[in-house]
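Let's take a walk through this one together, from the overall fold to a single side chain.

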Amino acid sequence: MQVNDAYAPQTPIEGVMHAFTRIGRRLKAKQPGDTIDHSAHVVLFALRCNGALRLSDLAARLELDASTASRHVRSLEQLGLVRRSPDPDDGRAFRVELTEQGIEQWETSARHRMELLSAAMEGWSEEDVQTFERLMTRFADGVTALIEAPASAAWADKGWAAVAPRLQQPAPAERSTDTDSTADSDPASSANHDNNLESTR
């Protein structure tokens, strides 16, 4: 069913639901300058917060099945945003990690969304912004308390706080041209690309 922005909610709770629907679909859409979609952004965010992960661990954190996570990883690897590295705990397995380009791409995408939110609140008083943040955090805590999430998903609650300070810094003037970070350290592994990805399960 298509959402009609002209719709007038009949109750405050209905208004909250409608507002979240309107905001959610816009934040998930590509912003000007984005080169990846929302699902890819979430994968990069998980790797940015957790570091290198086996495919099975990445899938668990994203609450996806392994085959879906594998497709996301293959796509991001082709773009040079993630790479495979040997698992130090198991020489037969691999972990997935961000490249420098992947880190830069996630930060750029996150900045776009922060700029969008800042522009939407232009003209608000500092007190209004602080009140909004306090109420949104309270609301998020309430929803989290009511909806049980897998233990593996707990990283997301603290993940943003761990990486957000870097986003306060000015964006780099130029995109890095260093391609060494996206190169596969094992020349023979490219021939077994999908098998190696699945071995992280």
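When we talk about helices here, we mean DSSP runs of H or I with at least four residues, numbered from the N terminus. Keep in mind that what you're looking at is a predicted model.

With that settled, the fold: the protein chain has eight helices and two strands.

How is the chain packed? Of its 201 residues, 29% are buried. Among contacts with a separation of 6 or more, 65% are between residues 24 or more positions apart.

Val-16, Phe-20, Trp-124, Phe-132, Met-136, Phe-139, Val-143, Leu-146 and Ile-147 together form a nonpolar patch of about 850 Å². Two elements each supply two or more of its residues: helix H1 (12-28) and helix H6 (126-146). Which one gives the most to the nonpolar patch? That's H6, with five residues.

Phe-132 makes a handy example, as this residue lies in helix H6. Is Phe-132 buried or exposed, or partly exposed? Its relative accessible area is 38%, so Phe-132 counts as partly exposed. Patch members need over 30% relative accessible area, and Phe-132 passes that cut-off because its value is 38%.

Notes:
Residues are numbered from 1 along each chain as its sequence is written. This is a predicted model: local features need pLDDT of at least 70, side-chain atom pairs count only at pLDDT 80 or more; totals for chains, interfaces and linings use all residues. Side-chain values use heavy atoms; hydrogens and water are left out. Buried means under 20% relative accessible area, exposed over 50%, partly exposed in between (1.4 Å probe, protein chains only). Contact means heavy atoms within 4.5 Å. Patches are made of residues with over 30% relative accessible area and no salt bridge: like charges are joined within 9 Å, nonpolar side chains (Val, Leu, Ile, Met, Phe, Trp, Tyr) within 5 Å. Accessible areas come from the Shrake-Rupley method with a 1.4 Å probe; for residues, only the protein chains shown count as cover. A salt bridge is a side-chain nitrogen of Lys or Arg within 4 Å of a carboxyl oxygen of Asp or Glu.
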